[in-house]
Amino acid sequence: MFNYNGFQWLFFFYFYCFGGWCFESAVVSLKSHKWVNRGFMRGPFLPLYGSGATMMLVVSRPYQDNVLLTYIAGVIGATALEYVTGVVMEALFKVRYWDYTGRFLNFQGRICLRSSIAWGFLTILMTRVIHRPVEQFMFSLPGRMLNYVTVLITIYIVADFTLSFKAALDLRDIMIRIMRLREELERMQKRLDVFIAFNNDEKEQRRLDRGERREVWLNDMTSSLEQGFATLKEMLLSKPTAYGESVREEIAELRGKFNLYRERERGEKKLLDFYKRDMIRNNPSMRSETYESAFEELKKLVNSEEEE
(Lines give C-alpha, C1' and ligand atoms only; values in the text may rest on other atoms or scores of the structure.)
Protein backbone atom coordinates (compact mmCIF):
# COMPACT_ATOMS: atom_id res chain seq x y z
CA MET A 1 0.00 0.00 0.00
CA PHE A 2 1.05 3.61 -0.62
CA ASN A 3 3.46 2.72 -3.42
CA TYR A 4 3.26 5.70 -5.76
CA ASN A 5 5.44 7.34 -8.38
CA GLY A 6 6.87 10.84 -8.03
CA PHE A 7 3.96 12.67 -9.69
CA GLN A 8 1.45 10.82 -7.54
CA TRP A 9 3.28 11.68 -4.33
CA LEU A 10 3.42 15.33 -5.41
CA PHE A 11 -0.30 15.27 -6.19
CA PHE A 12 -1.09 13.97 -2.70
CA PHE A 13 1.23 16.56 -1.14
CA TYR A 14 -0.53 19.42 -2.97
CA PHE A 15 -3.97 17.98 -2.29
CA TYR A 16 -3.36 17.87 1.46
CA CYS A 17 -1.69 21.29 1.42
CA PHE A 18 -4.95 22.62 -0.01
CA GLY A 19 -7.13 20.58 2.36
CA GLY A 20 -5.09 21.77 5.34
CA TRP A 21 -5.47 25.36 4.19
CA CYS A 22 -9.26 24.95 3.95
CA PHE A 23 -9.45 23.43 7.43
CA GLU A 24 -7.07 25.88 9.12
CA SER A 25 -8.55 28.97 7.46
CA ALA A 26 -12.08 27.90 8.42
CA VAL A 27 -11.17 27.29 12.08
CA VAL A 28 -9.17 30.52 12.50
CA SER A 29 -11.82 32.56 10.64
CA LEU A 30 -14.56 31.26 12.95
CA LYS A 31 -12.47 32.13 16.02
CA SER A 32 -11.61 35.58 14.64
CA HIS A 33 -15.16 36.27 13.37
CA LYS A 34 -13.69 37.37 10.05
CA TRP A 35 -12.09 35.73 7.01
CA VAL A 36 -8.43 34.81 7.56
CA ASN A 37 -6.33 33.46 4.68
CA ARG A 38 -4.28 31.23 6.96
CA GLY A 39 -0.70 30.23 6.40
CA PHE A 40 2.83 31.14 5.43
CA MET A 41 2.06 31.38 1.72
CA ARG A 42 -0.37 33.74 0.02
CA GLY A 43 -2.12 31.07 -2.06
CA PRO A 44 -4.48 28.34 -0.74
CA PHE A 45 -1.77 25.94 0.39
CA LEU A 46 -0.28 25.06 3.78
CA PRO A 47 2.94 23.08 3.23
CA LEU A 48 3.03 21.89 6.84
CA TYR A 49 -0.22 19.95 6.32
CA GLY A 50 0.98 18.50 3.02
CA SER A 51 4.27 17.46 4.63
CA GLY A 52 2.43 16.04 7.64
CA ALA A 53 0.00 14.01 5.53
CA THR A 54 2.78 12.66 3.31
CA MET A 55 4.85 11.82 6.37
CA MET A 56 1.90 9.95 7.92
CA LEU A 57 1.53 7.84 4.80
CA VAL A 58 5.24 7.04 4.77
CA VAL A 59 5.76 6.21 8.46
CA SER A 60 2.60 4.09 8.65
CA ARG A 61 3.41 1.94 5.62
CA PRO A 62 5.04 -0.90 7.63
CA TYR A 63 2.18 -0.98 10.17
CA GLN A 64 -0.97 -1.01 8.04
CA ASP A 65 -2.33 -4.07 9.86
CA ASN A 66 -1.64 -2.72 13.36
CA VAL A 67 -3.67 0.24 14.57
CA LEU A 68 -1.57 0.77 17.71
CA LEU A 69 1.74 0.89 15.83
CA THR A 70 0.17 3.18 13.22
CA TYR A 71 -0.87 5.50 16.05
CA ILE A 72 2.60 5.48 17.66
CA ALA A 73 4.34 6.05 14.31
CA GLY A 74 2.04 9.00 13.64
CA VAL A 75 2.68 10.55 17.05
CA ILE A 76 6.46 10.30 16.73
CA GLY A 77 6.69 11.28 13.07
CA ALA A 78 4.29 14.23 13.15
CA THR A 79 5.64 15.59 16.44
CA ALA A 80 9.20 15.43 15.12
CA LEU A 81 8.14 17.18 11.90
CA GLU A 82 6.30 19.91 13.80
CA TYR A 83 9.27 20.53 16.11
CA VAL A 84 11.91 20.61 13.37
CA THR A 85 9.76 22.87 11.18
CA GLY A 86 9.20 25.26 14.10
CA VAL A 87 12.92 25.41 14.95
CA VAL A 88 13.98 25.99 11.34
CA MET A 89 11.36 28.68 10.67
CA GLU A 90 12.17 30.56 13.87
CA ALA A 91 15.92 30.36 13.17
CA LEU A 92 15.40 31.77 9.67
CA PHE A 93 12.68 34.35 10.27
CA LYS A 94 12.93 35.09 14.03
CA VAL A 95 9.17 34.57 14.26
CA ARG A 96 7.00 31.75 15.58
CA TYR A 97 4.04 30.91 13.37
CA TRP A 98 2.42 28.79 16.11
CA ASP A 99 3.02 28.74 19.83
CA TYR A 100 1.93 26.17 22.43
CA THR A 101 3.39 28.08 25.38
CA GLY A 102 1.05 27.68 28.34
CA ARG A 103 -0.37 24.35 27.20
CA PHE A 104 0.07 21.26 29.36
CA LEU A 105 3.39 19.46 28.82
CA ASN A 106 4.64 21.68 26.01
CA PHE A 107 8.28 21.75 24.96
CA GLN A 108 9.69 25.18 24.08
CA GLY A 109 6.22 26.17 22.90
CA ARG A 110 6.80 24.27 19.65
CA ILE A 111 5.16 20.94 20.50
CA CYS A 112 2.79 19.82 23.25
CA LEU A 113 1.16 16.65 24.54
CA ARG A 114 -2.35 17.46 23.28
CA SER A 115 -1.08 18.15 19.79
CA SER A 116 1.00 14.96 19.71
CA ILE A 117 -1.96 12.84 20.87
CA ALA A 118 -4.09 14.41 18.14
CA TRP A 119 -1.43 13.66 15.50
CA GLY A 120 -1.64 9.94 16.35
CA PHE A 121 -5.42 9.80 15.93
CA LEU A 122 -5.19 11.91 12.79
CA THR A 123 -2.70 9.40 11.34
CA ILE A 124 -5.20 6.58 11.84
CA LEU A 125 -7.99 8.70 10.36
CA MET A 126 -5.74 9.73 7.52
CA THR A 127 -4.53 6.28 6.48
CA ARG A 128 -7.79 4.35 7.00
CA VAL A 129 -10.51 6.86 6.13
CA ILE A 130 -9.44 10.10 4.42
CA HIS A 131 -6.76 8.84 2.06
CA ARG A 132 -8.67 6.00 0.42
CA PRO A 133 -11.20 8.16 -1.51
CA VAL A 134 -8.43 10.63 -2.32
CA GLU A 135 -6.38 7.77 -3.70
CA GLN A 136 -9.34 6.54 -5.77
CA PHE A 137 -9.86 10.05 -7.14
CA MET A 138 -6.19 10.29 -8.10
CA PHE A 139 -6.28 6.91 -9.89
CA SER A 140 -9.42 7.99 -11.78
CA LEU A 141 -7.49 10.82 -13.45
CA PRO A 142 -5.77 10.11 -16.78
CA GLY A 143 -2.03 9.76 -16.19
CA ARG A 144 -1.08 12.52 -18.62
CA MET A 145 -3.61 14.93 -17.11
CA LEU A 146 -2.32 14.19 -13.60
CA ASN A 147 1.23 14.94 -14.70
CA TYR A 148 0.27 18.22 -16.39
CA VAL A 149 -1.81 19.40 -13.41
CA THR A 150 0.97 18.49 -11.00
CA VAL A 151 3.56 20.39 -13.03
CA LEU A 152 1.34 23.51 -13.23
CA ILE A 153 0.67 23.44 -9.48
CA THR A 154 4.39 22.95 -8.84
CA ILE A 155 5.25 26.06 -10.85
CA TYR A 156 2.62 28.09 -8.98
CA ILE A 157 3.67 26.85 -5.53
CA VAL A 158 7.38 27.40 -6.19
CA ALA A 159 6.66 31.00 -7.26
CA ASP A 160 4.36 31.64 -4.28
CA PHE A 161 6.76 30.02 -1.80
CA THR A 162 9.70 32.02 -3.18
CA LEU A 163 7.83 35.32 -2.76
CA SER A 164 6.58 34.32 0.70
CA PHE A 165 10.06 33.21 1.78
CA LYS A 166 11.53 36.53 0.66
CA ALA A 167 8.72 38.42 2.42
CA ALA A 168 9.42 36.54 5.67
CA LEU A 169 13.14 37.39 5.44
CA ASP A 170 12.27 41.04 4.72
CA LEU A 171 9.96 41.05 7.74
CA ARG A 172 12.84 39.81 9.88
CA ASP A 173 15.13 42.56 8.52
CA ILE A 174 12.47 45.22 9.18
CA MET A 175 12.23 44.08 12.82
CA ILE A 176 16.00 44.35 13.18
CA ARG A 177 15.93 47.90 11.76
CA ILE A 178 13.05 48.87 14.05
CA MET A 179 15.03 47.72 17.10
CA ARG A 180 18.02 49.78 15.99
CA LEU A 181 15.82 52.81 15.33
CA ARG A 182 14.26 52.47 18.78
CA GLU A 183 17.68 52.41 20.43
CA GLU A 184 18.77 55.43 18.40
CA LEU A 185 15.62 57.39 19.28
CA GLU A 186 15.96 56.52 22.96
CA ARG A 187 19.52 57.90 23.01
CA MET A 188 18.29 61.01 21.21
CA GLN A 189 15.44 61.46 23.70
CA LYS A 190 17.80 61.22 26.67
CA ARG A 191 20.01 63.97 25.26
CA LEU A 192 16.98 66.19 24.63
CA ASP A 193 15.78 65.58 28.18
CA VAL A 194 19.12 66.74 29.51
CA PHE A 195 19.06 69.93 27.40
CA ILE A 196 15.45 70.71 28.37
CA ALA A 197 16.00 70.01 32.06
CA PHE A 198 19.10 72.23 32.05
CA ASN A 199 16.94 75.33 31.71
CA ASN A 200 13.61 73.95 32.90
CA ASP A 201 11.88 73.98 36.26
CA GLU A 202 12.56 71.63 39.18
CA LYS A 203 9.40 69.59 38.53
CA GLU A 204 10.67 68.57 35.09
CA GLN A 205 14.06 67.67 36.53
CA ARG A 206 12.49 65.50 39.24
CA ARG A 207 10.40 63.69 36.59
CA LEU A 208 13.52 62.86 34.61
CA ASP A 209 15.43 61.79 37.72
CA ARG A 210 12.65 59.38 38.71
CA GLY A 211 12.88 57.80 35.26
CA GLU A 212 9.20 58.19 34.49
CA ARG A 213 9.76 57.66 30.79
CA ARG A 214 8.53 54.20 29.91
CA GLU A 215 8.80 52.10 26.76
CA VAL A 216 6.42 53.46 24.12
CA TRP A 217 5.64 52.84 20.47
CA LEU A 218 7.85 54.41 17.84
CA ASN A 219 5.06 56.77 16.80
CA ASP A 220 4.77 57.99 20.39
CA MET A 221 8.54 58.36 20.64
CA THR A 222 8.52 60.38 17.42
CA SER A 223 5.79 62.68 18.78
CA SER A 224 7.68 63.11 22.04
CA LEU A 225 10.86 64.06 20.17
CA GLU A 226 8.93 66.53 18.02
CA GLN A 227 7.65 68.18 21.19
CA GLY A 228 11.15 68.18 22.65
CA PHE A 229 12.62 69.93 19.64
CA ALA A 230 9.74 72.45 19.70
CA THR A 231 10.42 73.14 23.38
CA LEU A 232 14.13 73.65 22.72
CA LYS A 233 13.33 75.98 19.83
CA GLU A 234 11.17 78.14 22.10
CA MET A 235 13.92 78.19 24.72
CA LEU A 236 16.53 79.23 22.17
CA LEU A 237 14.28 82.03 20.92
CA SER A 238 13.37 83.30 24.39
CA LYS A 239 16.86 82.81 25.88
CA PRO A 240 19.43 83.03 23.06
CA THR A 241 22.32 82.85 25.53
CA ALA A 242 20.94 79.91 27.50
CA TYR A 243 23.13 77.38 25.68
CA GLY A 244 26.72 77.50 24.56
CA GLU A 245 27.81 77.13 20.95
CA SER A 246 28.77 73.45 21.36
CA VAL A 247 25.36 72.60 22.80
CA ARG A 248 23.57 74.46 20.01
CA GLU A 249 25.62 72.52 17.47
CA GLU A 250 24.73 69.23 19.15
CA ILE A 251 21.05 70.14 19.13
CA ALA A 252 21.28 70.94 15.40
CA GLU A 253 23.02 67.61 14.83
CA LEU A 254 20.30 65.78 16.74
CA ARG A 255 17.65 67.54 14.69
CA GLY A 256 19.39 66.46 11.50
CA LYS A 257 19.50 62.84 12.68
CA PHE A 258 15.83 63.03 13.60
CA ASN A 259 14.89 64.33 10.15
CA LEU A 260 16.89 61.47 8.64
CA TYR A 261 14.99 59.04 10.86
CA ARG A 262 11.64 60.38 9.59
CA GLU A 263 12.74 59.67 6.04
CA ARG A 264 13.79 56.16 7.01
CA GLU A 265 10.50 55.65 8.85
CA ARG A 266 8.54 56.44 5.70
CA GLY A 267 10.75 53.99 3.83
CA GLU A 268 10.06 51.25 6.38
CA LYS A 269 6.31 51.68 5.89
CA LYS A 270 6.74 51.36 2.14
CA LEU A 271 8.80 48.19 2.64
CA LEU A 272 5.91 46.61 4.55
CA ASP A 273 4.16 45.62 1.31
CA PHE A 274 1.02 43.51 0.93
CA TYR A 275 2.85 40.18 1.25
CA LYS A 276 4.31 41.08 4.64
CA ARG A 277 1.08 42.71 5.86
CA ASP A 278 -0.94 39.63 4.90
CA MET A 279 1.63 37.39 6.55
CA ILE A 280 1.01 39.20 9.85
CA ARG A 281 -2.79 39.34 9.40
CA ASN A 282 -3.05 35.68 8.40
CA ASN A 283 -1.14 34.38 11.42
CA PRO A 284 -2.76 35.93 14.52
CA SER A 285 -0.72 33.72 16.88
CA MET A 286 2.63 34.78 15.38
CA ARG A 287 5.13 36.21 17.82
CA SER A 288 8.83 36.94 18.02
CA GLU A 289 10.86 36.30 21.17
CA THR A 290 14.02 37.88 19.75
CA TYR A 291 12.36 41.07 18.47
CA GLU A 292 9.17 41.10 20.52
CA SER A 293 8.66 44.87 20.79
CA ALA A 294 9.52 45.42 17.12
CA PHE A 295 7.06 42.74 16.00
CA GLU A 296 4.32 44.18 18.22
CA GLU A 297 5.06 47.54 16.61
CA LEU A 298 4.48 46.03 13.16
CA LYS A 299 1.29 44.28 14.29
CA LYS A 300 0.01 47.58 15.70
CA LEU A 301 0.76 49.33 12.40
CA VAL A 302 -0.95 46.64 10.30
CA ASN A 303 -4.01 46.44 12.58
CA SER A 304 -4.41 50.22 12.67
CA GLU A 305 -4.36 50.34 8.86
CA GLU A 306 -6.94 47.55 8.73
CA GLU A 307 -9.26 49.50 11.05
CA GLU A 308 -8.95 52.58 8.84
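**A walk from the pocket to the cores**

Let's start with the largest pocket, which holds about 1,400 Å³ of space. A pocket here is an open set of points on a 1 Å grid over the protein atoms alone, with protein on both sides within 12 Å along at least five of seven lines, and its lining residues have an atom within 4 Å of a point. Grid points are joined across faces, edges and corners, and the volume is the space filled by probe spheres set on the points. Please keep in mind that this is a predicted model, in which local features need pLDDT of at least 70 and side-chain atom pairs count only at pLDDT 80 or more, while totals for chains, interfaces and linings use all residues. Residues are numbered from 1 along each chain as its sequence is written, and side-chain values use heavy atoms, with hydrogens and water left out.

The lining of this largest pocket has 44 residues, and Glu24, Leu48, Tyr49, Tyr100 and Trp119 lie nearest its centre. By class, 27 are nonpolar, 10 polar and seven charged (Ala, Val, Leu, Ile, Met, Phe, Trp, Tyr, Cys and Pro count as nonpolar, Asp, Glu, Lys and Arg as charged, and the others, Gly among them, as polar). Helix α1 gives the most to this lining, with nine residues (helices are DSSP runs of H or I, at least four residues, numbered from the N terminus).

Stay on α1 for a moment, as Ser29 lies in that helix. Ser29 counts as buried because its relative accessibility is 10%, the cut-off being under 20% relative accessible area with a 1.4 Å probe and protein chains only. A polar atom of the Ser29 side chain lies 2.6 Å from the backbone oxygen of Ser25. Leaving aside residues up to four places away in sequence, Ser29 touches Lys34, Trp35 and Val36 (contact means heavy atoms within 4.5 Å).

The largest nonpolar core has 26 residues, and Phe40, Tyr97, Met175, Met279 and Leu298 touch the most other members. Such a core is a set of buried Ala, Val, Leu, Ile, Met, Phe, Trp, Tyr and Cys residues joined through side-chain atoms within 4.5 Å. Two or more residues come from each of α1 (6-32), α3 (67-93), α5 (143-198), α9 (274-281) and α10 (292-307), and α5 gives the most, with seven residues. Another core, of 15 residues, lies apart from it and includes Trp9, Ala78, Met126 and Met138.

Note on methods
Buried means under 20% relative accessible area, exposed over 50%, partly exposed in between (1.4 Å probe, protein chains only). A polar contact is a pair of N or O atoms within 3.5 Å; within protein, one must be able to donate a hydrogen and the other to accept it, and residues adjacent in sequence count only if both atoms are side-chain atoms. On a 1 Å grid over the protein atoms alone, a cavity is a set of points where a 1.4 Å probe fits but cannot get out, and a pocket is an open set with protein on both sides within 12 Å along at least five of seven lines; lining residues have an atom within 4 Å of a point.
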